[in-house]
Amino acid sequence: PEDISSDLDTVLLTEEQITARLAEIARKIEADYEGRDLLLVAVLKGAVMVMADLARELERHVEIDFMAVSSYGKSTHSSGVVRIVKDLDVDLSGRNVLIVEDIIDSGLTLDWLRRNLQSRNPASLEVCALLRKPDALKVDIDAKYVGFDIPNDFVVGYGLDYAERYRNVRGVAVLAPHVYS
Ligand code: PRP
Ligand code: MN
Ligand code: MG
């Protein structure tokens with residue numbers, strides 16, 4: 001029961017591909033935020049791997065902070081209705097805030113988060129997401145940094161879970177249908 005590999009189909013992104021893309025994004029972020037403070041904000045739990053790797057790739061001062069939220073009607077997809085379980089420690093007013101996410105699926109989580117954080121009067125607010133599913137979007141999300149656009153398959157790994165599993169897979173892979181059917 002502890003074997004992971006038999007639950008995975010195609011590897012969509014290897015750890016090396018992710019690392020390389022995050023390095024490219026980090027160079028853009030360094031240029032875009034030159035001369036300004038930078039606060040990275042991630043939502044637990046999916047974004048932890050992106051946060052850890054992106055933050056370490058940045059060769060400049062950053063602060064990091066985390067929120068924990070719970071979506072009501074916790075099914076396989078988020079409802080967009082969100083309750084804050086643990087809020088940020090830091091005051092956002094006047095700060096340059098970059099939201100770090102693992103994936104934009106329907107976009108509902110980020111749509112909620114963007115509004116919530118915008119109301120706290122940051123100097124700027126942008127989004128960095130490793131993955132985006134263009135065919136699953138329900139709301140338009142203006143994300144400044146996107147790692148990869150991917151097909152509308154159920155993917156896991158690199159922070160992304162199915163029933164809280166597979167977050168520890170190093171790359172991003174399509175979940176084998178026998179797992180959820
Ligand atoms: C996942 C993922 C994103 C969100 C994307 O989080 O990490 O935060 O869903 O989906 P959406 O664009 O349709 O809103 P989830 O709510 O599963 O919590 P988790 O990060 O703890 O896995
Ligand atoms: Mn998440
Ligand atoms: Mg999840």
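**Terms and values in a predicted model**

Reader: Why does E164 count as exposed?

Author: E164 has 7 C-beta neighbours inside 10 Å, and a residue is exposed if 12 or fewer other C-beta atoms lie within 10 Å of its own, buried if there are 20 or more, and partly exposed in between, with the C-beta atoms placed from the backbone. E164 therefore counts as exposed. This is a predicted model, in which local features need pLDDT of at least 70 and side-chain atom pairs count only at pLDDT 80 or more, while totals for chains, interfaces and linings use all residues. Residues are numbered from 1 along each chain as its sequence is written, and chains are lettered from A and ligands numbered from 1 in the order in which they are written.

Reader: What makes A163 exposed, and where is A163 found?

Author: A163 has 9 C-beta neighbours inside 10 Å, so A163 counts as exposed. A163 is found in the loop between β8 and β9, and E164 lies in that loop between β8 and β9 too. Such names rest on DSSP runs numbered from the N terminus, where helices are H or I runs of at least four residues and strands are E runs of at least two.

Reader: What is the phi of A163, and what is that of E164?

Author: A163 has a positive phi of about 50° although it is not a glycine, and the phi of E164 is near 70°, again a positive value in a residue other than glycine. Most residues other than glycine have a negative phi, and most peptide bonds are trans. The peptide bond from L44 to K45, however, is cis, with omega near 5°, and K45 lies in the loop between β2 and α2.

Reader: How do you know whether L131 is buried or exposed?

Author: L131 has 24 other C-beta atoms within 10 Å, and therefore L131 is buried. L131 has its place in strand β6, and among the residues in contact with L131, leaving aside its neighbours within four places in sequence, are D102, I103 and V172; contact means that the C-beta atoms of two residues, placed from the backbone, lie within 7 Å.

Reader: What makes A176 partly exposed, and which residues does A176 touch?

Author: A176 has 16 other C-beta atoms within 10 Å, so A176 is partly exposed. Not counting residues up to four places away in sequence, A176 touches D7, L8 and D9. The C-alpha atoms of A176 and S5 are separated by 9.6 Å, although these residues are 171 residues apart along the chain.

Reader: How many residues are in the largest nonpolar core?

Author: The largest nonpolar core has 45 residues, and I99, V100, C128, V155 and V172 have the most contacts inside it. A nonpolar core is a set of buried Ala, Val, Leu, Ile, Met, Phe, Trp, Tyr and Cys residues joined through C-beta atoms within 7 Å. Leaving aside its neighbours within four places in sequence, C128 is in contact with residues including I25, L54 and I99.

Reader: How do you know what span to expect for helix α1, and which residues of α1 are buried?

Author: The expected span of a helix is 1.5 Å times one less than its number of residues. Helix α1 (residues 15-32) has 18 residues, and its reach of 26 Å from first C-alpha to last is close to the 26 Å expected. The buried residues of α1 are I18, L22, I25, A26 and I29. They cover an arc of only 115° around the axis, which puts them on the same side of α1; the arc is that of the directions from the helix axis to the C-beta atoms. The face turned away from this buried side carries the exposed residues E16, A20, E24, K28 and A31. The buried residues of α1 pack against β1, α2, β6 and β7.

Reader: Why do β1 and β8 stand at the edges of their sheet?

Author: Two strands pair if DSSP finds at least two bridges between them, and the open sheet of 3 strands has the order β1-β9-β8, with antiparallel pairing. β1 and β8 each have a single partner strand, so one side of each is left without a neighbour in the sheet. β1 and β9 pair over 3 bridges, and V11 stands opposite A173 in β9.

Reader: What makes β4 hardly covered?

Author: The count of buried residues among the 5 residues of strand β4 (residues 82-86) is 0. Strand β3 is joined to β4 by 4 bridges, and the two run antiparallel, with V69 opposite I84 in β4.
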